[in-house]
Amino acid sequence: MLILLDTPNNKTLAFDVCSLQPLEDLAQQAGQKLYGSHILHTNTYITGRRGISASEALLRTPPWLTLCHRTLGGKGGFGSMLRSQGNKTSNKPANFDNCRDLYGRRLKTLNEAKTIVENIEAQEKERENAKERRRKKIADGLVEKPKKKYRFDDVEYTKECEEIVESTRAITRKAMKKMAADVKASASEKKKQAEMMIPLFGDGLDDLDGLSSSSSSSSSSDESDKDTKSSADDKKSKRKRKAVD
């Protein structure tokens, strides 16, 4: 039975072993070839490749095993000590904006898009609320409110108001009476003046009428003479034009 064995010095060796006890025969042959004895060192062991056991590796074709060295350790507890120190010193990041999701998009851009959408929705809600407040205000303004009744219980103030009203009425009456008397007096004076002016011009009114009629007739005759002269001149000018032609 042919078995391949990987050694610690990065070499692969082939051994022909007995099929009944392959691992024991392999250990003897490997110890004789590598260390010069029929027994392997206690700090070495044989296992399968890539984390499988030696028995599973022998079932495959070709069987391929690995010779490994044991690592010398201390009393233990080193791993728990590292874990405790790591928990103390590790600073877990609280900001994952620079990370990406499964589609390759950064979380920062996604968060910003969400905030923009939320802000737009909030602005729309605020506008709707403002419109509703305006409508309510207009509706409240259109409703007729009951008029308030004011009562003044100040007796002195009411007496003063009544006295002021009566005094203004009395003053206006006096003023109106005085104006009426003045108008009557001026009218009577004008009548007296007219009566005094009539006898001064009583006899000469006929003479004034004759003078006005004579002046009007003389003015009309002058205008007729001017018209006849202008028509004669026009006729002379037409005759001269005809003679020239």
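A charge is taken to sit over a ring if NZ of Lys or CZ of Arg lies within 6 Å of the ring centre and within 35 degrees of the ring normal. In the predicted model described here, the charged end of Arg 49 is placed over the ring of Trp 64, at 4.1 Å from the centre of that ring. Pairs of aromatic rings, by contrast, number zero in a search of the whole structure.

The strands, four in number, are arranged as an open sheet of mixed pairing, in the order S2-S1-S4-S3. Because S2 and strand S3 (44-48) each have a single partner strand, they stand at the edges, and one side of each is left without a neighbour in the sheet. From one strand to the next, the twist averages 30 degrees. S3 and S4 run antiparallel and are joined by five bridges, and Tyr 45 is found opposite Cys 68 in S4. Helix H1 lies across S1, S2, S3 and S4, and runs at about 125 degrees to S2.

The largest nonpolar core comprises 13 residues, of which Ile 3, Leu 5, Phe 15, Val 17, Leu 26 and Leu 65 have the most contacts inside it. At least two residues of this core are supplied by each of strand S1 (2-6), strand S2 (12-16), helix H1 (22-34), helix H2 (54-59) and strand S4 (64-69), and the largest share, three residues, comes from H2. Apart from its neighbours within four places in sequence, Phe 15 is in contact with Met 1, Leu 2, Ile 3, Leu 5, Leu 26, Gln 29, Ala 30 and Lys 33.

Conventions
Residues are numbered from 1 along each chain as its sequence is written. This is a predicted model: local features need pLDDT of at least 70, side-chain atom pairs count only at pLDDT 80 or more; totals for chains, interfaces and linings use all residues. Side-chain values use heavy atoms; hydrogens and water are left out. Rings of Phe, Tyr and Trp (its six-membered ring) pair if their centres lie within 6.5 Å; planes under 30 degrees apart count as stacked, over 60 as edge-to-face and the rest as tilted. A nonpolar core is a set of buried Ala, Val, Leu, Ile, Met, Phe, Trp, Tyr and Cys residues joined through side-chain atoms within 4.5 Å. Buried means under 20% relative accessible area, exposed over 50%, partly exposed in between (1.4 Å probe, protein chains only). Contact means heavy atoms within 4.5 Å. Two strands pair if DSSP finds at least two bridges between them. Axes are lines fitted to C-alpha atoms, for helices over the stretch in contact, and angles run from 0 to 180 degrees between N-to-C directions.
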